[in-house]
Amino acid sequence: MPSVRTEATGAVAAVLGALADLTVYDVSPAIDSETPLWFMHESPVIAPITTHDKEGVAANQVTMSEHTGSHVDAPFHFSATGSTIAQVPVDALLLRPYCKYDLAADDHQPGDLIGLEHLKAAEARAGFALQPGDVAIIETGWDRNRPDGSAGREPGWWGRNEPGLSVEACDYLAEAGVCAVACDTAACDIAVNDGEISGAHGHVHAFLPHNILIVEGLTGLKAAPATGLFLALPLKIVGGSGSPAQVVLLAD
C-alpha cells in the first residue's frame, strides 16, 4: 500500500495507517475482446474514437454487457421491483470482511452443485465462521478454464460450463446474513454443463430478492488468504441490472 500521508489526523490517519500494512490482491480480469463471459452475452468491443496518430489524443468507445469481467449483480437483475445497480448503496461492498471458501481441491465439474457439506468442510480447514455483513467468496479454481488458464480451454468454454451451489448451500449463506456472495465462475450459484442450466436458487430465491449482491467473474483467488477485506465499486448505471467492477481483496 502507498505510504501514509503525514498530515492526516484522527480517524483518517488510523485508517491510512491500517491500510498501509495490508497486501492488495487484484482479483479482477482485464477486459478486452477475448474476455470470457456468460455464454448468452456478446464479447466486449473496444474501438478507438480518436488516436494519437490522427487527432493527437487517444479515446475508446467501449460496448459491453453489464455482466462483463468481474461484475456485481443487482437485485433488479432477477426482479422487476428490485434495486437497480444505481440504487445499490455506494458502500455496499466497500471494505467488507470476507471469508473465502477454498473448494479447488474438491474438483467440481460442469453441472455439479456444491453442497453445504463442502462449505462446512472449507470453513473447518480455514478456521473461520461467517458473520453477518461478510462477503462469502466461493473459490472453485475455475479460472484454470479461462482462455489463459492452465486447462487450455477454448474461449467460450468458461462461460457455458461451471459448478453451482445447492439449495442448502445458498440458504446457509443467506441465513448467515452475508451482504454478498462472490465467485470465480460466470454465474455463482448457477450450474451449467455445455449450456444446460440447473440450480439458480441464489439468483431467484436466496440472494438477490433479499438484497444479497452477487459478484461474479473473479480470478486469481488462490493467492489471497482465507479472510480479509473485500472492496468493489460498481458503476452507477441508471436502470442497470449489474455493472463491471474492479474487485480487490486486502489482507495481512
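# Briefing on helices, strands, loops and cysteines

Glycine 149 has its place in the loop between strand E7 and strand E8 (164-165). The structure described here is a predicted model.

**Loop residues**

- Once its neighbours within four places in sequence are left aside, glycine 149 is in contact with Asp143 and Arg144.
- Glycine 149 and cysteine 188 lie 39 residues apart along the chain, and a separation of 19 Å is computed between their C-alpha atoms.
- Serine 43 belongs to the loop that connects strand E1 (23-26) with strand E2 (45-50), and because its relative accessibility is 40%, serine 43 counts as partly exposed.
- Apart from neighbours within four places in sequence, the residues in contact with serine 43 are Ser33, Leu37 and Thr63.
- Between serine 43 and glycine 156, which are 113 residues apart along the chain, the C-alpha separation is 10.0 Å.

**Helix H2**

- Helix H2 spans residues 116-126, and Leu119, Ala122 and Glu123 are buried in it; viewed down the axis of H2, these buried residues fall within an arc of 100 degrees, so they line one face of the helix.
- Glu117, Ala124 and Arg125, by contrast, are exposed on the other side of H2.
- The cover over the buried residues of H2 includes three strands, namely E5 (96-102), E6 (113-114) and E7 (135-139), together with helix H3 (167-175).
- After H2 comes glycine 127, which has a positive phi, near 75 degrees.

**Helix H3**

- In H3 the buried residues are Ala169, Cys170, Tyr172 and Leu173; seen down the axis of H3, they fall within an arc of 160 degrees, so they too line one face of their helix.
- The glycine that follows H3 is glycine 177, and its phi is likewise positive, near 85 degrees.

**Strand E12 and its partners**

- Strand E12 covers residues 213-216, from which Leu213 and Val215 point one way while Ile214 and Glu216 point the other way, and all of these residues are buried.
- Strand E4 (residues 71-73) pairs with E12 in the antiparallel sense over 3 bridges, and within E12 it is valine 215 that stands opposite valine 72.
- Strand E9 (residues 180-183) runs parallel to E12 and is joined to it by 3 bridges, with alanine 180 standing opposite leucine 213 in E12.

**Cysteines**

- A search of the whole structure for disulfides finds 0.
- Cysteine 170 takes part in no disulfide, and the nearest cysteine sulfur, which belongs to cysteine 188, is 7.5 Å away.
- Cysteine 183 is also in no disulfide, although here the nearest cysteine sulfur, again that of cysteine 188, is 3.6 Å away; a disulfide would require the two sulfur atoms to be within 2.5 Å.
- Cysteine 183 counts as buried because its relative accessibility is 2%, a value that falls under the 20% limit for buried residues.

Key:
Residues are numbered from 1 along each chain as its sequence is written. This is a predicted model: local features need pLDDT of at least 70, side-chain atom pairs count only at pLDDT 80 or more; totals for chains, interfaces and linings use all residues. Side-chain values use heavy atoms; hydrogens and water are left out. Buried means under 20% relative accessible area, exposed over 50%, partly exposed in between (1.4 Å probe, protein chains only). Helices (H or I, at least four residues) and strands (E, at least two) are DSSP runs, numbered from the N terminus. The arc is that of the directions from the helix axis to the C-beta atoms. Contact means heavy atoms within 4.5 Å. Two strands pair if DSSP finds at least two bridges between them.
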